Amino acid sequence: MKRKPVFASLDLVLTGQRIRSVISENGYSVKEVQEILNLACPQSIYRWMKGYTFPSIDNLYMLSKLFCVHMEDLLVEKGQDSKTDTVG
C-alpha cells in the first residue's frame, strides 16, 4: 500500500509575526516597505503582520529580495516554533 504524502500548512499568525520581525530587524518602516513594494496603502502590510492574510507570491518574492532571505524563511509552518527558527 502506497503512503500518501503529508504536507504541512502555514501558520498565518506566526508568519505575520515573522514578517513584522524581519521588517523591524532590518530597520524599515511599514511606509518604506509599502513604497518599495509599490502598494497603494499600508493596510496590506498591517494585515500580513497581524496574521489576517498572507502576502501574494509577488509580494513575498519582493520581500525576500529586499531582506536577502529565501521566501520560505518568511513563512512559518503550523507547529513550528518561530522563536527557535529565526531568519538570517
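Visitor: How far apart are the end C-alpha atoms of helix α1 (residues 12–25)?
Guide: In this predicted model, helices (H or I, at least four residues) and strands (E, at least two) are DSSP runs, numbered from the N terminus. The expected span of a helix is 1.5 Å times one less than its number of residues, so the 14 residues of α1 should span 20 Å. That agrees with the separation of its end C-alpha atoms, 20 Å.

Visitor: What kind of model is this?
Guide: Residues are numbered from 1 along each chain as its sequence is written, and side-chain values use heavy atoms, with hydrogens and water left out. Local features need pLDDT of at least 70, side-chain atom pairs count only at pLDDT 80 or more, and totals for chains, interfaces and linings use all residues, since this is a predicted model.

Visitor: In what order do the elements run from the N terminus on?
Guide: The protein has 4 helices and 0 strands. Its C-alpha atoms fill a box of roughly 55 × 25 × 20 Å along the principal axes. From the N terminus on, the order is α-α-α-α.

Visitor: Within what arc do the buried residues of α1 fall?
Guide: Buried means under 20% relative accessible area, exposed over 50%, and partly exposed in between (1.4 Å probe, protein chains only). In α1, the buried residues are Thr15, Gly16, Arg18, Ile19, Val22 and Ile23. Looking down the helix axis and taking the directions from that axis to the C-beta atoms, these residues line one face of α1 because they fall within an arc of 160°.

Visitor: Which exposed residues sit on the face of α1 turned away from its buried side?
Guide: The buried residues of α1 have a cover that includes α2 (30–37) and α3 (43–49). The face turned away from them carries Ser24 and Glu25.

Visitor: Which residues of α2 are buried?
Guide: The cover over the buried residues of α2 includes α1, α3 and α4. Those residues are Val30, Val33, Gln34 and Leu37.

Visitor: Is glutamine 34 buried or exposed?
Guide: Glutamine 34 is found in helix α2. Contact means heavy atoms within 4.5 Å, and beyond its neighbours within four places in sequence, this residue is in contact with Leu39, Ala40, Cys41, Pro42 and Ile45. Because its relative accessible area is 5%, glutamine 34 counts as buried.

Visitor: How many disulfides does the structure hold?
Guide: A disulfide is a pair of cysteine sulfur atoms within 2.5 Å. Cysteine 41 counts as partly exposed because its relative accessibility is 34%, while cysteine 68, at 72%, counts as exposed. The number of disulfides is 0.

Visitor: What distance separates the C-alpha atoms of valine 76 and leucine 12?
Guide: Valine 76 is found in the segment after α4. With 0% relative accessibility, valine 76 counts as buried. Valine 76 and leucine 12 are 64 residues apart along the chain, yet their C-alpha atoms are separated by 7.8 Å.
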